[in-house]
Amino acid sequence: MQIIKRIPVKQILTDTSRQVLKDRFNKQYDQLDNESQQLQFEQKKIERNKEYNQNEVRQRFNKEIRLRKERMKRLQYQIGQLDTLPNGEELKVDEVETLVNIEEGDHYEELIRDREIVIKDGIVIRAR
């Protein structure tokens, strides 16, 4: 049997990776901000149309906007971490899914224990 497990990807900070990550986080932040503004615009446009249930429209749009705002807060936190952590420290930058094979008789705790991928300047240096 196979199960899907999420594994964190950590980046060892260097001057180069710090700038690449900062650019990536800022770009993601700007994209989420644009999406939030677009959703607010679409919400107002649809609310003017009386064919739809106003409460339902408002709830759905507010949920999507809230999700984007939460991701924006996480990005702000990660940008702050980039500014405070020294070179050589690990920063979680992503998560990937992997398939784990489970057979009868396997030690479950060993199969699901914390695993991670560590990269430095775009190169995998550890998969533990």
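Reader: In which sense do strand β1 and strand β3 pair?
Author: This is a predicted model, in which local features need pLDDT of at least 70 and side-chain atom pairs count only at pLDDT 80 or more, while totals for chains, interfaces and linings use all residues. Residues are numbered from 1 along each chain as its sequence is written, and side-chain values use heavy atoms, without hydrogens and water. Helices (H or I, at least four residues) and strands (E, at least two) are DSSP runs numbered from the N terminus, and two strands pair if DSSP finds at least two bridges between them. Between β1 (residues 2-12) and β3 (residues 117-120) there are four bridges, and the sense is parallel.

Reader: Which residue of β3 is the bridge partner of K10?
Author: Strands β1 and β3 pair over four bridges. In β3, the partner of K10 is V118.

Reader: Which strands are at the edges of the open sheet?
Author: The sheet has four strands in the order β2-β1-β3-β4, with mixed pairing. An edge strand pairs on one side only, which here applies to β2 and β4 (123-127).

Reader: At what angle does α1 run to β2?
Author: Axes are lines fitted to C-alpha atoms, for helices over the stretch in contact (heavy atoms within 4.5 Å). Angles run from 0 to 180 degrees between N-to-C directions. Helix α1 lies across β1 and β2, and its angle to β2 is about 80 degrees.

Reader: How far apart are the end C-alpha atoms of α2?
Author: The expected span of a helix is 1.5 Å times one less than its number of residues. Helix α2 has 31 residues, so it should span 45 Å, and the distance in the model agrees: 45 Å.

Reader: Is N49 buried or partly exposed, and what is its relative accessible area?
Author: N49 sits in the loop between α1 and α2. The residue is partly exposed because its relative accessible area is 27%.

Key:
Buried < 20%, exposed > 50% of the residue type's maximum accessible area, 1.4 Å probe, protein only.
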